[in-house]
Amino acid sequence: ELDALLFLPGFTTRSRADLEAGRGVGLAAVRDAARRVGGDVEMVSVAGVGSRFSLSLPASVATREVLLVEAGGQRYALPVSVVAETVAAGALGSDGTFRGRELQLVDVEGVLARGGRPPGGRPFVAVVEVEGRRRGLEVDGFGGLEEVVVQSIDPLAARPGVAGATVLADGIPVLVLDPHQLVLDDGGREGATS
């Protein structure tokens, strides 16, 4: 848990920042860039010995397999690599459990609309798992699987929960969801979780 602090934006071990270092941007930026293309950064540290950083990237960052989902009349692409299963919302227990485990829900449209709608009421759930944590992404429906080329989005136009964009085989552009943000960073967004 302490090692994870190194990857938080703004975290620094320097007492004073200058033009070259100390602002706490480096590791957070590297991890974000790696995750946008389906990779990650891991660190192993041994006290008194040192630290080793491992950067993993997919062999081909050009294409990714995605599950098409619909929420609020819009289609989105969700990387298949994080989808554990897809279910009807009725399969969830009335106490918010699924298969005996608590499942926190995230309304996809609510997150992308910046807190527009609280979870609850959508007919389907994509159960996703990232770094051992599960969330249920509420959607209105599922499309098929598709192999897509993911393009990055200008940082000034980026939205929380979005990793990039793609054009589907039918010529329709869609946003590619960022499962890391939807699963790991959803706690602070108003209306994002139940």
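Strands here are DSSP runs of E of at least two residues, and they are numbered from the N terminus. The model is predicted, and every value below is computed from it.

Strand 13 spans residues 173–177, and Val174 is found in it. With a relative accessible area of 5%, Val174 falls under the 20% limit and is therefore buried. Ala77 lies 97 residues from Val174 along the chain, yet the C-alpha atoms of Val174 and Ala77 are separated by 6.7 Å.

The next element to follow is a sheet. Strands of a sheet pair through backbone hydrogen bonds, either parallel or antiparallel. Here four strands form an open sheet with mixed pairing, and their order is 5-9-10-8. The edges are taken by strand 5 (83–88) and strand 8 (105–107); each has a single partner strand, so one side of each is left without a neighbour in the sheet. On average, neighbouring strands of this sheet are turned by 30° against each other, direction ignored. Within the sheet, strand 9 (residues 124–130) and strand 10 (residues 133–139) run antiparallel to each other and pair over seven bridges. One of the residues involved is Ala126, whose bridge partner in strand 10 is Leu137.

Side chains of opposite charge can pair when their charged atoms come close. With a cut-off of 4 Å between a side-chain nitrogen of Lys or Arg and a carboxyl oxygen of Asp or Glu, the model has nine salt bridges. One of them joins Glu131 to Arg35, with an N to O distance of 2.3 Å. Glu131 has a relative accessible area of 48% and is partly exposed, whereas Arg35, at 13%, is buried.

A further salt bridge is formed by Arg31 and Asp40, whose closest N and O atoms are 3.4 Å apart. Both of these residues are buried. Salt bridges that share partners join Arg31, Arg35, Asp40 and Glu131 into one network.

Another salt bridge involves Asp140 and Arg122, with 2.8 Å between the closest N and O atoms. Asp140 is in the loop between strand 10 and strand 11 (141–149), while Arg122 is in the loop between helix 3 (108–112) and strand 9; the two residues are 18 residues apart. Asp140 is partly exposed, with a relative accessible area of 27%. Arg122 counts as buried, at 5% relative accessibility.

Two or more lining residues come from each of helix 2 (26–36), strand 12 (162–167) and helix 4 (179–184). Helix 2 gives the largest share of the lining, five residues. By residue class, the lining divides into eleven nonpolar, nine charged and three polar residues.

Terms used:
Residues are numbered from 1 along each chain as its sequence is written. This is a predicted model: local features need pLDDT of at least 70, side-chain atom pairs count only at pLDDT 80 or more; totals for chains, interfaces and linings use all residues. Side-chain values use heavy atoms; hydrogens and water are left out. Ala, Val, Leu, Ile, Met, Phe, Trp, Tyr, Cys and Pro count as nonpolar, Asp, Glu, Lys and Arg as charged, and the others, Gly among them, as polar. Two strands pair if DSSP finds at least two bridges between them. Axes are lines fitted to C-alpha atoms, for helices over the stretch in contact, and angles run from 0 to 180 degrees between N-to-C directions. Buried means under 20% relative accessible area, exposed over 50%, partly exposed in between (1.4 Å probe, protein chains only).
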